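Here are my notes on this two-chain model, in the order I would go through them with you. Have the viewer open as you read.

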Amino acid sequence: MNMKLLGAEVLLYVLFLAFILIENPVFVAVYIAAIVAGIFFAAKKYPEKLPVWYDLFMANLKQVGAVAFVLGLTLPIIIDGDAYWLQVLNFAMINAMMALGLNFMTGRAGLICLGYAAFEAVGAYTVGILTLKLGVSFWIAFALSGIAAMVFGAVLGLPALRVKGHYLALVTIAFGLIVQETLLNWESVTGGTNGLIDIPSPTLFGYDFGQMLDLGFVSMNYLGHFYYLCLLVLALCTIFIFKLSNSFFGLILSAMREDQLAAQCYGINLTNYKLYAFAIGAIFGGFAGGLYAAMINFIAPENFSYGLSVIVISMIILGGLDSIPGAIVGAFFLTIFPEKFRAFEDYRIMFYGLIIIFCLIFMRNGILPYTRRIFMSGLENKEAEENG
Amino acid sequence: MTVDVLLQQFFNALGLGVMYALIAVGFTLFFGVIEVVNFAHGEVFMLGAFGAMVVGTAMAGAGVEAGSVTYLLAVLAIIIIVGALFGAALEKFIVAPMRGAPDIMTLLITLGASIVVREAVMIFFPDGRNPQPFPQMIQMDSFNIGGALIKPETIICIVISAILISMMYWIIEKTALGRYIRATAQDRQAALMMGVNANRVFIITLILGSVLGSVAGLMNGMSYGIIKFNMGFAASIKGFAAAVVGGLGNMYGAVVGGLLLGFLEIFVVSFLPNGSSYQELVAFLIVILCLVFRPSGLFGEKAYDKV
């Protein structure tokens, strides 16, 4: 346990809390500007300190993640179970799951996907149809939502196998629109434009997630249950993606992204790995959709539009392509920040577009850039661990 | 099925097809010369239509009769100005800063640009959220060809496109500028060494393609009489699809692809039962089929990777 790191993380947590608790949009703008200016001047004054801190964070991601999880458990208590902010935080976590999945596809494997919202739609409608129309338990439907999205990911991967970047963009946009059209027109199953209403809340051993969550000293409405559920699922997703990205499999996907031809020359079967990347990346969208459907109780095709796909893309670009902490931070920031400026609701989508342009021109690696893994053979790795 | 219905649908399909062809030529030029897939291309289509609408309404307000020479010249001028400015701005602020970046990033930044432009029109144009009526540009009776009534707008669209595409052919094949463009497309490094000013070629290419796109927007407004801020999205998807079907980078392929798409769409809408609900899906279907069976397009050369 690195105490310096723990202190820094608690400080970041307090900054994040302040960001949530400040209501006035002007103050929020000032606050963000102050933080950015602070980082800027710190980087100017102590040019050697900031990278050291950053490397320290990146080298101890396990500890950072564990502490973030524990701090996340306390968040609903500190905001006193405020329903509005619970809802926003739940959305942030659902978006973070999608960002993780898209980041795996686009950031890690280099396969651009402009129809990611379709996977969330598949997951959401799987849960919606199974629990509402067939009376299946939420937990089974939730597991199936990931599997259904995975199948769709593989299906999308099939025409994509023979084509490269630019064409892939077109195919994935088409895929997103086809899924949405199908949801709109297949009324007997999906409810058409009206969507599915009154999706039942999950129950676990007779405990209904739709009731109030009373912790004794603080009580919150049903969103509290979903907060902890989302937090758990997000943590599991993050661990899974983290392990996968740092495995040999993740290395192969990186090689494929950097140079398909070179990867092929080293004996990598591009066809299989592209399919795997699509299928695995899609799972997280499915889970996100499953949680969304159960939490909101109402889903309609327009919730899963092309615009949502673009929003998820802006999240991973802001965080930094191929950066796992970046995807999560980007999702949280871009979900919470617009909530502060709800008077400017119209400008919301434009804001995401501006974020994409700004990041790509001025900081192409995002706010939390991906750190290249240092190659160590198995033996060296062991020695490094023993030496601390 | 009588001859006049067939003839009528033939002209409708031709009108739609040339519009897609004009958009597709832009896509294919950008890809061939600058190696950029420009997702913001649909927005110049929308801006062209809005520009023509604003000027048309203003001219009508000033008492200039629709269809008169002054009126048409003013509309034409604004179309060209909008296209040229958009193309130049795109090169300056969006494409040029990304030179040398991975393809995926260039693609994403044009996507960002398209969103910003689209939303800006929605927010800042008065009542931009709702569909806008497009002013009548010409006053003419419908033509009667073999019993089929053909709208004058359709004929004009076909004629304008034929002229523009011939002009593009002339520019690309016969002029010095066209030689520079072709040289840059073929081998940028070699062209630079031969003294071609590649940056100028890029900006001119973007301007040429964008003007074609903005004319397509005018044609869309004239044919349907109604325009909306998000019209560029569907248009760009279809134009891109047409370019892909023709083989990205091949200008004549793009024209054929556009026509093919127009004919297939009209065929599906008018001759299949309940066809209009599938209209939007036709483009995607043929693109996916095309990519699966002929990834380099109908007329594209087979691509080999350079090591």
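1. Contacts. Two residues count as in contact here if their C-beta atoms, placed from the backbone, lie within 7 Å. With that in hand, look at chain A: of its contacts with a separation of 6 or more, 78% are between residues 24 or more positions apart. For chain B the corresponding share is 76%.

2. Ground rules. This is a predicted model, with pLDDT of at least 70 needed for local features and 80 or more for side-chain atom pairs, while totals for chains, interfaces and linings use all residues. Residues are numbered from 1 along each chain as its sequence is written, and chains are lettered from A and ligands numbered from 1 in the order in which they are written.

3. Chain A overall. Helices (H or I, at least four residues) and strands (E, at least two) are DSSP runs, numbered from the N terminus. Chain A has 17 helices and 6 strands. Its C-alpha trace spans about 60 × 60 × 45 Å along the principal axes. The radius of gyration is taken over C-alpha atoms, and the globule rule is 2.2 Å times the number of residues to the power 0.38. A compact globule of 388 residues would come out near 21 Å, and chain A has 21 Å, which agrees.

4. Chain B overall. Here we have 11 helices and 4 strands. The radius of gyration of chain B is 19 Å, close to the 19 Å that the globule rule gives for 307 residues, so chain B is as compact as a globular protein of that length. The C-alpha trace of chain B spans about 60 × 45 × 40 Å along its principal axes.

5. Burial. A residue is buried if 20 or more other C-beta atoms (placed from the backbone) lie within 10 Å of its own, exposed if 12 or fewer, and partly exposed in between. On that count 42% of the 388 residues of chain A are buried, and 49% of the 307 residues of chain B.

6. The A/B interface. On chain A, 33 residues are in contact with 34 residues of chain B. On the chain A side, α8 (165-185), α14 (306-319) and α16 (348-362) each supply at least two residues. The largest share, 12 residues, comes from α8(A). By class, that side has 24 nonpolar, 5 polar and 4 charged residues. (Ala, Val, Leu, Ile, Met, Phe, Trp, Tyr, Cys and Pro count as nonpolar, Asp, Glu, Lys and Arg as charged, and the others, Gly among them, as polar.)

7. A closer look at α8(A). Leaving out residues up to four places away in sequence, A:Q180 touches A:P301, A:F304 and A:S305. Its C-alpha atom is separated by 18 Å from that of A:L168, 12 residues apart along the chain.

8. The core. A nonpolar core is a set of buried Ala, Val, Leu, Ile, Met, Phe, Trp, Tyr and Cys residues joined through C-beta atoms within 7 Å. The largest one has 204 residues, and A:A96, A:M97, A:A99, A:I356 and B:V287 have the most contacts inside it. Helix α1 (residues 3-34) of chain B gives the largest share of this core, 18 residues. Beyond its neighbours within four places in sequence, A:A99 is in contact with several residues, including A:V312, A:M315 and A:I316.

9. Two helices to check. The expected span of a helix is 1.5 Å times one less than its number of residues. For the 27 residues of α13 (270-296) of chain A that should be 39 Å, and the end C-alpha atoms are 39 Å apart, which agrees. Of those 27 residues, 20 are buried. In α11(B), the buried residues include B:F284, B:V287 and B:L291.

10. Most residues other than glycine have a negative phi. A:D322, with phi near 70°, is buried, with 26 other C-beta atoms within 10 Å. B:D127, with phi near 55°, is exposed, with 7 other C-beta atoms within 10 Å.
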